[in-house]
Amino acid sequence: MIKVLIADNHPIIRMGVTKVLKDAKGFEVIEDASTTSELFEKLEKVTPDVVMLEMDIPEINGIATLRKIKKDYPEVKVLMYSGQSEDVYALSTIRAGASGYLSKASDIDYIISALKKVSEGSMFITNELAQRLAFDEGTQKPRRFFRKLSTREVEVLKLLASGKRNKDVAIGLNLNEKTVSTYKARLMKKLNVDNMVDLLQQAKALELY
């Protein structure tokens, strides 16, 4: 029996995934959570085999939450899932310690196969994603630049793209404001731009907002 904890702020999503797993057999949804604080309260009481973690769960962003899970509960596997572009976030979350990434646009069957694969200690990404990543590798499309970015750089870029100032980004990611400025300069260099307007345009091309 694969024990699953579902972390998503939408009740209908939690109910839907629970129903899918119940019908599939071999799974037990032992808890669910709608916020990150609730998630960590539950993790103090139960030990799931896999946490299904929504990328945009409230309070702490998904990647920061993922890092904390892997630090505090290293034996727990994490399957990220989101409506966000998997081209960008799949690699970012896997670099941060996720065992897989599932788009909310994926077929229901993918939930079953993804959870099974992750629970067995394997990595899961969709065939479509693997093919797109391979295709984009040799093109001049903006996404190819993403491969140069670290997970933290993606987090900083996403917050800057959402209109946050350096100070707000620093608070949100628990960084020094000077460190955020360093990340911004590094992003401009890696994305081959020299001003914030072009940086944000690049972020838009990367589908970060």
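User: Which residues in α2 meet which residues in α3?

Analyst: In this predicted model, T36, L39, F40 and L43 are the ones on the α2 side, and they meet T65, K68 and I69 of α3. By class, that contact has four nonpolar, two polar and one charged residues.

User: What makes α2 and α3 roughly parallel?

Analyst: Take the crossing angle first: the axes of α2 (residues 36–43) and α3 (residues 62–72) cross at roughly 15° and come within 11 Å. Angles under 35 degrees count as roughly parallel, and therefore α2 and α3 get that label. As for the hand of the crossing, α2 over α3 is right-handed.

User: How do you know whether N166 is buried or exposed?

Analyst: Check its relative accessibility, which is 16%. Buried means under 20%, so N166 counts as buried. N166 sits in helix α9 and, with neighbours within four places in sequence left aside, is in contact with L160, E177, V180, S181 and K184.

User: What about K104, what puts it in its accessibility class?

Analyst: K104 has a relative accessible area of 34%. Under 20% would be buried and over 50% exposed, so K104 lands in between, as partly exposed. You'll find K104 in the loop between β5 (100–103) and α5 (108–119).

User: Which residues does K104 touch, not counting those up to four places away in sequence?

Analyst: They are D8, H10, I13, E54, Y81, S82 and G83. Take I13: it is 91 residues from K104 along the chain, yet their C-alpha atoms are separated by 9.8 Å.

User: Why is α8 described as largely enclosed by the rest of the structure?

Analyst: Count its buried residues: α8 (residues 151–161) has eleven residues and nine of them are buried, so the helix is largely enclosed. The buried ones are T151, R152, E153, V154, E155, V156, L157, L160 and A161. After α8 comes G163, with a positive phi near 100°.

User: What makes a group of residues here a nonpolar core, and how many residues has the largest one?

Analyst: The members have to be buried nonpolar residues such as Leu or Ile, joined through side-chain atoms within 4.5 Å. The largest such set has 37 residues, and L39, L53 and I69 have the most contacts inside it. Apart from that core lies another one of 19 residues, among them V4, M52, L102 and I112. In soluble globular proteins, nonpolar side chains tend to be buried together.

User: What does L39 touch, not counting residues up to four places away in sequence?

Analyst: L39 touches L5, A7, A33, V51, L53, T65 and I69. Two of those, T65 and I69, belong to the α3 side of the contact with α2.

User: And what does the whole chain look like in numbers?

Analyst: There are eleven helices and five strands. Of the 209 residues, 45% are buried. Among contacts between residues at least 6 apart in sequence, 61% join residues at least 24 apart.

Notes: Residues numbered from 1 in each chain as written. Predicted model: local features only at pLDDT ≥ 70, side-chain atom pairs only at ≥ 80, totals over all residues. Heavy atoms only, no water. Buried < 20%, exposed > 50% of the residue type's maximum accessible area, 1.4 Å probe, protein only. Contact = heavy atoms within 4.5 Å. Axes fitted to C-alpha atoms, helices over the stretch in contact; angles between N-to-C directions. Helix = DSSP H or I, 4+ residues; strand = E, 2+ residues; numbered from the N terminus. Parallel < 35°, antiparallel > 145°, perpendicular 65-115°, else oblique. Left-handed = near helix turned anticlockwise from the far one by under 90°. Nonpolar A, V, L, I, M, F, W, Y, C, P; charged D, E, K, R; others polar.
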